[in-house]
Amino acid sequence: MAETSRIADFRNMPVDERRTAVADVLGTDVDLFSQVNSDSFGPDDAANLSENVFGVFSLPLGVATNFTINGTDVLVPMATEEASVIAAASNAARIARPQGGFSTSSTEPVMQAQIQLINVADPHAARTRILERQAEIIDLANDQDPKLVEVGGGVKGLEVRLVEARTATYVLVHLLVDVRDAMGANAVNTMAEAVSGTVAAIAEGDALLRILTNKADRRLSRARAVFDRDLLGGDEVIDNILHAYELAAADPYRAATHNKGIMNGISAVVLATGNDTRAVEAGAHSHAVVDGRYSSLSTFEKNADGDLVGTLEMPIPVGLVGGATRVHPAARAALQIAEVSTAQDLAEMVVAAGLAQNLAALRVLATEGVQRGHMSLHAKNLAASAGATAEETTIIVNRLIEEKAFRFDRVQSILDELRSGGSQ
Ligand code: MEV
């Protein structure tokens, strides 16, 4: 458990000091961070994960501070190329702290595999025949992964759906598999392939697709937080955040952007821990469709005390084993920083980060707008790309903000002026 997730002046520390501060809080050795040095995952390591590899693409890895989840302080590892995301999550977590931080919970980690049966003459009867023999099918599926069954996972149910498509009625067999600490794609796909011959024979048809569904709606995680009225900026800010939320709930165009803000937090933690961002994103967007309309994944309300309450419930299919989680040294370090011991713990941290990110974005949008913060970061990027030192960057950024001129040619002329000792 992190001693605290509040680290004074963390934002302004040089990287080495930040590493020491995080190691201190976790009570671990700063050597933990040797795993996230740029040379710890080279092209040869990368070639074990992908194909045609000729290099490694690095991203910023940071930690969001101020998080309390279920009464415990935690540091949240995040990998993202987007400026402001980690600071915003930390800020929202600070606003949730006075009311206890984030409360989270999850369903069991159940993933589903689909087996598509084609050329079935009597789909309704086939469905019933399959259900009659479900125990045999489940046993056969469980035989593929005795280790998973040993640790309490394995197939927990079987469902059969009939899907009317343009040219046929497909019989879809769903295996509901508790995958414990895995993301689970490999486990469920292996099972689906193994039982497909048997279910096709029972249905007197042919098996075609045998693959998990990313609509992981049996593997949900939830977060709830009360955001302090005073720290948010008062009643008017809350009312405007509620208007912003209500628009997202009612309008798919706004909902897409609102949910993108949530995914800024979600995907950053998923990526940092070596998990599959696309799987989580596919699950999220499929879950955002309510009564046939794309909507907000989160909800916001005012509680009886006038504080803002946010909730977020969505599929979070992440694991602690498999994929890059164990192979990538930075992912291993991120998991150590997160101090999670089950995939459910990790999923709950992910969903808390999503809710924090969402609240932070709504608060900025409902007050000053995003551009002020973005432009100063943009100015910083421009200065860096012109080769400015840290000291020169500070002067350039202030000057660009003052002049409201965020152009590369202006950065270069200020830099020239600074280096020639003159003034323009
Ligand atoms: C930008 O990456 C995310 C936001 O657009 C989210 C939102 O509009 O709620 C700021």
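**View 1. Three aromatic pairs turn up in this predicted model.** Count ring pairs here and you get 3, where rings of Phe, Tyr and Trp (its six-membered ring) pair if their centres lie within 6.5 Å; planes under 30 degrees apart count as stacked, over 60 as edge-to-face and the rest as tilted. Phe 102 and Phe 227 have ring centres 6.2 Å apart and planes at 75 degrees, so they make an edge-to-face pair. Phe 102 sits in strand S3 (residues 102-106) and Phe 227 in strand S8 (residues 220-227), so to speak distant parts of the chain, 125 residues apart. Helices (H or I, at least four residues) and strands (E, at least two) are DSSP runs, numbered from the N terminus. Both Phe 102 and Phe 227 are buried, meaning under 20% relative accessible area, with exposed over 50% and partly exposed in between (1.4 Å probe, protein chains only). Together with Phe 67, Phe 102 and Phe 227 form one aromatic cluster.

**View 2. Tyr 245 meets Phe 300 edge-to-face.** Their ring centres are 6.0 Å apart, with the planes at 70 degrees. Tyr 245 comes from helix H9 (residues 235-250) and Phe 300 from strand S11 (residues 298-302), so the pair ties together parts 55 residues apart in sequence. Tyr 245 is buried at 14% relative accessible area, and Phe 300 is buried at 3%.

**View 3. Arg 18 lies over the face of Phe 10.** Its distance from the ring centre is 5.8 Å. A charge sits over a ring if NZ of Lys or CZ of Arg is within 6 Å of the ring centre and within 35 degrees of the ring normal.

View 4. Ala 223 has 3% relative accessibility, so it counts as buried.

**View 5. Leu 59 sits in a loop between a helix and a strand.** The loop runs between helix H2 (43-46) and strand S1 (61-69). At 36% relative accessibility, Leu 59 is partly exposed.

**Notes for all views.** Residues are numbered from 1 along each chain as its sequence is written, and side-chain values use heavy atoms, with hydrogens and water left out. As the model is predicted, local features need pLDDT of at least 70 and side-chain atom pairs count only at pLDDT 80 or more, while totals for chains, interfaces and linings use all residues.
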